[in-house]
Amino acid sequence: MQKIILFPLLFIMTILYSCNGEISSDPESLILDQNWYLQSSEMIEASGEDISSTNFSPGEWYQVDLPSTVLAALVENGVYKDPYYGDNLKSIPGYREGRWLAMKEDSPFYPSWWYRKEFTIPLNYKGKNMVLHLDGINYKANVWLNGQQIADSVQVKGMFRRFEFDINQFTNPGGRNVLAVEIISPGHIPDIPYHTKQMEATTGWDDHNPQPPDLNMGIWRSVYITTTGAVDLKHPYVSTDLDLPSLAKAHLTISTELTNKTEQKVNGELKCIIENLTFSKKVNLNPFETKVIKLTPVEFSQLNIVNPRIWWPHPHGKQELYTLNLVFNVNGQVSDKQDVKFGIREVSTYINDEGWRGYKVNGKNILIRGGAWMTSDMLLRFSKRRYEALVRYAREANLNMLRSEGFSIRETDEFYDICDKYGIMVTQQIFGRNLPDEKLSVENIKDMLFRIRNHPSLVHFLGHDETFPTVTLDSAYRKLIALHTPERTYQPHSGAFDINNRFKTGGTRTGTLELWTYAPAAHYYTHKDDGAWGFAQSGGIGGVVAPYESVKKIMPEKYLWPVYNETFSFHTVLQGIRYFNVLIDAMNTRYGKINGIEDFCLTGQVSNYESARGMYEAYGRNKYDALGITTWKYDAAWPAALTWQYVDWYLNVGGAYYGAKKACEPIHVQYAYDDKSVYIINNYFRDFQSLKVRAKVLDLNMVEVFNEEKVINIKENGKVKAFAITLPESISKTYFLSLKLEDQLGKIISDNFYWLSTVPDRDGEKGEEAINNQGQTWHIFTAKQKSYADFTALRDLPKVHVQTDYKIRDNKDEGIATVNVSNPSKIIAFSIHLSLRNKTTNEEVMPVYWDDNYFSLLPGESKEIIARFNPEELNGSQAIVKADGWNIK
């Protein structure tokens, strides 16, 4: 066999990724994602040489389009029922309960699986340098082309690396070609107990959801062929240095790697174009030489950009992007070219006097309020629709950061492109745990850096999840970042359990069993060590209940109620539903006994709204003693009825999401649970003058017992205490607080509504309990509170009919519903939920971006709410709006 040249770390920027995994590109790129065939090696007697020949007939193989894992392809071909419904996943051979790393040898996914593709290479590719790209395989692969092995599983290993192969000598331009890829799954390790959650450079799911039986084996990114001339161009990078605080000038440095693919010396020209700026540099390359070429602002004055357009995180400004066109010419002909999108911004982190990490963007302090991001689909079936909805939901809620979690995939270009577009910053975690193969770990991360470093949304790196990297890995990570993207900061550990260790972890803390289970609204005000103080990479409000419209799709009706059954529990977390006992007990105690699944889901929305709003508002009130939180966690990879999620798998959002959205308004009026006062929080980088804040308190019978207003001024990025709330001694146990903030013209720019209790939530005895679920022992949080807030009287609220008038119109590629909701009754309309529905099926449309939801109206009040949606979600039908809620007819 002739020598194989393997370049595992190529960054192809001529290829422009779209969010369905397809690649669109210039005519010199051949996409190979369609019409593959798949079969288990157990069903094949032929060799790789035979399978990759034109004489081989696939027979009864499964048709598959890439990207696709093996299990996703088998589900698509009807071999297995929908694994996301009910207990279907358990019936798939190879399924194992709990958290596991080793695949059993009797699993149908333990043997290798073959992917086979026949295709034609254009005749005009002859004489050019052809390169085959495998952008994502899991976990190892043997690669064959036209009867010859071009790479083996020693070379092609690791889920988060891209591989490329010079294939000139193996191809048949103008004729038939066959590519065969033999995939070997993760999990080929001893089946023994491991005291770790990660052993291989592959994705995992921790305790968030079950492991797919194939461990996501397959080809999970695109396959394609590119061509170049004598010199290829890769790893282009634009680093930016912005003058602070003026923002008047940016200094750019461009770097790229050039490789002479020939036996002759090459003299060429690297041409750079940034909008109306054009400049070039002469480059000489010896035979087979590789050089990293840098173009600096000292050498090229054009790289000193005056009055640059700045990329800001939302909502602080526009998300401005530039495009760099790089072309390498040899003898006046294009040898290779690539386009790079980049943003000009300056992001830094710092450690404050108390040892906590804070963030600055373009010279301004910024409070981080976001969530932990998980791989968005358990079978890795990614789509533009899913990425777009998940990231846009974050923007709509004014969440400004997503922490890409270390057990997940190293996120795709599609994800980062959309974060760039919507102004969502990203902290990228490197791995979940230390891997035995440290060299492979480093190779995976090096390629990740090359791939994602041009994205302005990428701001910070975390080493490992809840653990430290080894000394050698930590050193390697630091060197890689310093070499390839020195503008970003790094910390080795996601966050300390003991906050005294924050000085070692890098200025952050993680969550606790309590915060992963249940936290009432007041917790982040009344607790310091695990409250709104410092920076929390995890923590949160505990379990989030999915809306009923989602829950009813997850399992057969007989398993919906009571919730303590095996099927419902399967769609929570690996620990099972008992993990959230404290939450469920609090819901029953604080809001009254729950009757039925619809009541359970509705009570969950109200409880989650209260908790999420309280958490994020506490961080706002306490800034900058509180520096940020990326709550556990933002999204879910499969349908879950009760888990850690602000956006569920169906792209539906409930009370937790809208509580967070309310709390994170850029200019915001809020109540503080600790000192019972009203505050104005300004997250904009501009001052506000003569704002009027109005507050009134009503008892359960709608009798007003407190009313106050005040005019205030507030500095940019500041906060102001307006006044304290005082109550008469005779007020009802449950009462209501209405807050409104008006601008100088009397327009309401923020409103907020609280249900409060004279009985406080008070901590009591706390502990841990060991339980068994899915064959494993887990520790769960237990608590006996001294007292619970008493909202049981809400059960007795009379039913109210609210009036809804709405108009629906198209605006370019988006539908807009304008809804006017009014409460003509003398009773509070509590927790009103609006839904956009398909008129034909009455099914709720998802995703939909409402201005506000789960809101309340006092007697005589009205409110205008706007919803935005994609008309294609209606499948040709009309949209209608419906209102329901706590006491809504």
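Reply: A cavity is a set of grid points where a 1.4 Å probe fits but cannot get out. The model is a predicted one, and its structure holds eight cavities of 30 Å³ or more.

Me: What volume does the largest cavity have, and which residues are closest to its centre?

Reply: Its volume is about 140 Å³. The lining of the largest cavity counts 16 residues, and those closest to the centre are Leu101, Thr202, Thr203, Gly204 and Gln211.

Me: What makes an open space a pocket instead?

Reply: A pocket is an open set of points with protein on both sides within 12 Å along at least five of seven lines. The largest pocket has a volume of about 990 Å³. Of its 35 lining residues, Lys662, Glu665, Ile749, Asp751 and Lys863 are the closest to its centre.

Me: Which element gives the most to the lining of the largest pocket?

Reply: Strand β43 does, with seven residues. At least two lining residues each come from α12 (597–621), α13, β42 (734–742), β43 (748–757), β50 (855–857) and β51.

Me: Why is Asn177 called buried?

Reply: Its relative accessible area is 0% and the cut-off for buried is under 20%, so Asn177 is buried. Asn177 belongs to strand β14 (residues 176–184). Beyond four places in sequence, its contacts are Lys117, Glu118, Phe119, Thr120, Ile121, Asn146, Thr171 and Asn172.

Me: How do you know that the side chain of Asn177 makes a polar contact with the backbone nitrogen of Asn172?

Reply: A polar atom of the Asn177 side chain is 2.8 Å from the backbone nitrogen of Asn172. The limit for such a pair is 3.5 Å, so this distance falls within the limit.

Me: Why is Ser52 counted as buried, and what does Ser52 touch?

Reply: Ser52 has a relative accessible area of 1%, and under 20% is the condition, so Ser52 is buried. Ser52 sits in the loop between α1 (48–51) and β6 (62–64). Leaving out residues up to four places away in sequence, Ser52 touches Trp144, Leu145, Asn146, Gly147, Gln148, Val178 and Ala180.

Me: What makes the span of helix α3 close to the expected one?

Reply: Helix α3 (residues 384–396) has 13 residues and reaches 18 Å from its first C-alpha to its last, close to the 18 Å expected at 1.5 Å a residue. Its buried residues include Arg386, Tyr387 and Glu388. The buried residues of α3 pack against several elements, among them β28 (368–373), α4 (413–422) and α13 (655–663). Just after α3, Asn398 has a positive phi of about 60°.

Me: Why is α4 described as mostly covered?

Reply: Eight of the 10 residues of α4 are buried. Cys419 is one of the buried residues of α4. The relative accessible area of Cys419 is 0%, under the 20% cut-off, so Cys419 counts as buried.

Me: How do you know that Cys664 is in no disulfide?

Reply: The nearest cysteine sulfur to that of Cys664 is that of Cys419, 16 Å away. A search of the whole structure finds zero disulfides. Cys664 counts as buried because its relative accessibility is 3%.

Me: Which peptide bonds are cis, with omega about 5° and about 0°?

Reply: One joins His314 and Pro315, with omega about 5°. Another joins Lys623 and Tyr624, with omega about 0°. Pro315 is in the loop between β22 (304–306) and β23 (322–330), and Tyr624 is in the loop between α12 and β35 (626–631). Most peptide bonds are trans.

Note on methods
Residues are numbered from 1 along each chain as its sequence is written. This is a predicted model: local features need pLDDT of at least 70, side-chain atom pairs count only at pLDDT 80 or more; totals for chains, interfaces and linings use all residues. Side-chain values use heavy atoms; hydrogens and water are left out. Helices (H or I, at least four residues) and strands (E, at least two) are DSSP runs, numbered from the N terminus. Buried means under 20% relative accessible area, exposed over 50%, partly exposed in between (1.4 Å probe, protein chains only). A polar contact is a pair of N or O atoms within 3.5 Å; within protein, one must be able to donate a hydrogen and the other to accept it, and residues adjacent in sequence count only if both atoms are side-chain atoms. Contact means heavy atoms within 4.5 Å. The expected span of a helix is 1.5 Å times one less than its number of residues. A disulfide is a pair of cysteine sulfur atoms within 2.5 Å. On a 1 Å grid over the protein atoms alone, a cavity is a set of points where a 1.4 Å probe fits but cannot get out, and a pocket is an open set with protein on both sides within 12 Å along at least five of seven lines; lining residues have an atom within 4 Å of a point. Grid points are joined across faces, edges and corners, and a volume is the space filled by probe spheres set on the points.
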